[in-house]
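Hi everyone, thanks for coming along. Have a look at the sequence and the structure on the screen, and I'll walk you through a few parts of them.

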Amino acid sequence: MSYEYPVSLPNGNPLVTVTHPTPSLWVLELHNGADSRLTDVLLLRGIIPALDTVEKHWRENWRAGKAKKDENMCKGALIIVGNRKQDKFFSNGLDYDNAIKDPSFGTNFFPKIYNPMLQRLLSLPIPTIAAVNGHAFAGGMVLAMACDYRVMTDGSKRNAWICMNEIRFGATLPLSLAAVLKAKAPNPQILRKIILEGHRFTPKEALTAGLVDRIVPGNTETIIAEAQALAESLHSLPTKGAWGLNRREMYREVVESLSKDIMTIGVVADDAAAKARL
């Protein structure tokens with residue numbers, strides 16, 4: 001099957017674009033506005049089918065490479081980046097103020113919308129790299145942390161933070177998001193700063209804490225170039241076909257948590273229960 005790039009999704013109102021700049025690299029750009037808020041449409045009709053396209057293309061290459069005994073055809077890596085026309089945001093997280101207007105948000109959004117995206121990303125059979133070209137807040141931070149590697153702007157051009165800010169506006173953390181953060185935070189102290197303090201990690205702090213792997217000066221294209229250099233150092237690792245399987249075992253508890261999210265207990269309900277108890 002032949003593939004034509006760029007692939008923009010969803011049709012008619014594209015919010016993501018997939019490009020294929022080298023035979024072993026795919027780039028998934030988020031462009032739901034400048035700050036790429038994570039809406040149901042972006043997740044279900046943009047990111048998930050984009051990841052399907054990448055995996056399908058890579059697997060066809062991999063099978064052909066195995067048949068021809070050509071390992072170059074079996075190489076692969078994916079970069080996820082925020083809107084390439086700006087340098088301020090990777091993703092500003094959920095469109096929370098609008099999302100909570102939907103009465104089904106508390107029961108449906110994470111189990112039926114956000115978690116399937118995480119499941120899809122964590123099951124991809126090639127290395128994934130987040131090119132964090134600006135702020136990554138809340139669900140945007142978790143999207144970056146769910147990738148295998150993170151290359152972030154160094155913040156010298158403009159401020160950039162990676163942060164779970166739910167504690168600061170009274171939102172409770174779903175099981176799935178907490179599971180990703182527990183798996184990726186290097187120690188309980190850093191996890192505490194992330195979840196309970198809502199700390200805004202600067203790029204240098206994030207690098208020191210082990211939340212990102214590289215920081216680089218420059219604009220979005222410079223960050224993508226550094227992410228591509230990292231991708232090229234990794235793209236031969238999935239040639240034997242075990243990358244995705246081993247990642248699945250590495251993060252088994254995270255993957256299993258994605259099917260366990262139930263209705264989040266909100267602040268008002270929690271206080272009502274406490275009032276009855278006390």
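Let's start with a crossing: helix 4 and helix 6 cross in the left-handed sense, meaning that the near helix is turned anticlockwise from the far one by less than a right angle, where clockwise would be right-handed. A word on where this comes from: the model is predicted, so local features need pLDDT of at least 70 and side-chain atom pairs pLDDT 80 or more, while totals for chains, interfaces and linings use all residues. Residues are numbered from 1 along each chain as its sequence is written, and side-chain values use heavy atoms, with hydrogens and water left out.

Helices (H or I, at least four residues) and strands (E, at least two) are DSSP runs, numbered from the N terminus. Helix 4 covers residues 139-146 and helix 6 covers residues 175-184; they pack at an angle of about 50 degrees with axes 10 Å apart. Axes here are lines fitted to C-alpha atoms, for helices over the stretch in contact, and angles run from 0 to 180 degrees between N-to-C directions. The two helices are therefore oblique to each other; under 35 degrees would be roughly parallel, over 145 roughly antiparallel, and 65 to 115 roughly perpendicular.

Who meets whom? From helix 4 come Met141, Val142, Met145 and Ala146, and from helix 6 Leu177, Val180, Leu181 and Lys184, with contact meaning heavy atoms within 4.5 Å. These residues divide into 7 nonpolar, no polar and 1 charged.

Helix 4 also lies across strand 5, strand 7 and strand 9, at about 100 degrees to strand 7. Those strands form an open sheet in the order 5-7-9, with parallel pairing. Its edges are strand 5 (89-91) and strand 9 (162-163), each pairing on one side only. Pairing takes at least two DSSP bridges, and 2 bridges join strand 7 (residues 135-137) to strand 9. Ala136 has Ile162 in strand 9 as its bridge partner.

Now the other sheet: 7 strands, open, ordered 1-2-3-4-6-8-10, with mixed pairing. Strand 1 (7-9) and strand 10 (214-216) each have a single partner strand, so one side of each lacks a neighbour in the sheet. Further in, strand 6 (residues 128-132) and strand 8 (residues 149-153) pair in parallel over 4 bridges.

Last stop: Asn72, in the loop between helix 1 (40-68) and strand 4 (77-81). Is Asn72 buried or exposed? At 52% relative accessibility, Asn72 counts as exposed; the cut-offs are under 20% for buried, over 50% for exposed and partly exposed in between, with a 1.4 Å probe and protein chains only.

Key: Nonpolar A, V, L, I, M, F, W, Y, C, P; charged D, E, K, R; others polar.
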